[in-house]
Amino acid sequence: MTILRPLVIAAGLIAVWQLIIIATGVQHFILPSPGRVANALVDRYDVIIGHAWVTLGEIILGLVLGTILGTASALFMGYFRPAQQWLMPVLVISQAIPVFALAPALV
């Protein structure tokens, strides 16, 4: 029963995707059908898996560096009161800005 729910949801989402393509008649280069995507995954597996490994490495590296930097910053601000007084307003302001608003600037 536990595995059935995600499978039904995935199948439903794929069916809705296919129905949208049929109902709107959208061109395949704008929104490819699930079948075309599956064919591309099979035909270009070597290219996709190579890029997937690079992406996984970047994710892990970002997680490790973010954890180290966050821990070091927290310890620094915790042990040095002046650092907390100077950096805390910057951190509060940075957390108030939505990530999607920063994305274009970071790209």
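Predicted model: local features only at pLDDT ≥ 70, side-chain atom pairs only at ≥ 80, totals over all residues.

Visitor: Fine. Start with helix 1. What span should its 21 residues have, and what is the distance between its end C-alpha atoms?

Guide: Helix 1 covers residues 4-24. At 1.5 Å a residue, it should span 30 Å. Its end C-alpha atoms are 30 Å apart, so the two values agree.

Visitor: Take Ile22. Buried or exposed?

Guide: Ile22 lies in helix 1. Its relative accessible area is 58%. The cut-off for exposed is over 50%, so Ile22 counts as exposed.

Visitor: And how far is Ile22 from Ser33?

Guide: In sequence, they are 11 residues apart. In space, their C-alpha atoms are 9.1 Å apart.

Visitor: Where does Ser33 sit?

Guide: Ser33 is in the loop between helix 1 and helix 2, the latter being residues 34-43.

Visitor: Is that serine buried or exposed?

Guide: Ser33 is buried. Its relative accessible area is 17%, and buried means under 20%.

Visitor: Which residues does Ser33 contact, leaving aside neighbours within four places in sequence?

Guide: Ser33 is in contact with Trp17, Gln18 and Ile21.

Visitor: On to packing. At what angle do helix 2 and helix 3 meet?

Guide: About 80°, with the axes 5 Å apart. That angle falls between 65 and 115 degrees, so helix 2 is roughly perpendicular to helix 3.

Visitor: Who makes that contact between helix 2 and helix 3?

Guide: Helix 2 brings Ala40, Leu41, Val42 and Asp43. Helix 3 brings Tyr45, Asp46 and Ile48.

Visitor: How do the residues in the contact of helix 2 with helix 3 split by class?

Guide: There are 5 nonpolar and 2 charged residues, with no polar ones.

Visitor: Now helix 3 and helix 4. What angle do they pack at?

Guide: About 130°, and their axes are 6 Å apart. Helix 3 is residues 45-79, and helix 4 is residues 81-96. The two are therefore oblique to each other.

Visitor: Why oblique and not antiparallel?

Guide: Roughly antiparallel needs an angle over 145 degrees. The angle here is about 130°, so the pair counts as oblique.

Visitor: Which residues make the contact of helix 3 with helix 4?

Guide: From helix 3, Phe76, Met77 and Tyr79. From helix 4, Arg81, Ala83, Gln84, Leu87, Met88 and Leu91. By class, the contact has 7 nonpolar, 1 polar and 1 charged.

Visitor: Zoom in on Leu87. What does it touch, not counting residues up to four places away in sequence?

Guide: Leu87 is in helix 4, and it touches Phe76 and Met77. The C-alpha atoms of Leu87 and Met77 are separated by 7.8 Å. Those two are 10 residues apart along the chain.

Visitor: How accessible is Leu87?

Guide: Leu87 is partly exposed, at 37% relative accessible area.

Visitor: What is the accessibility of Phe76, and of Phe80?

Guide: Phe76 has 41% relative accessibility and counts as partly exposed. Phe80 is partly exposed too, with 47%.

Visitor: Last one. Where is Gly70?

Guide: Gly70 lies in helix 3. It is partly exposed, with a relative accessible area of 38%. Gly70 and Leu106 are 36 residues apart in sequence. In space they are 19 Å apart, C-alpha to C-alpha.

Definitions and conventions. Residues numbered from 1 in each chain as written. Heavy atoms only, no water. Axes fitted to C-alpha atoms, helices over the stretch in contact; angles between N-to-C directions. Helix = DSSP H or I, 4+ residues; strand = E, 2+ residues; numbered from the N terminus. Parallel < 35°, antiparallel > 145°, perpendicular 65-115°, else oblique. Contact = heavy atoms within 4.5 Å. Nonpolar A, V, L, I, M, F, W, Y, C, P; charged D, E, K, R; others polar. Expected span 1.5 Å × (residues − 1). Buried < 20%, exposed > 50% of the residue type's maximum accessible area, 1.4 Å probe, protein only.
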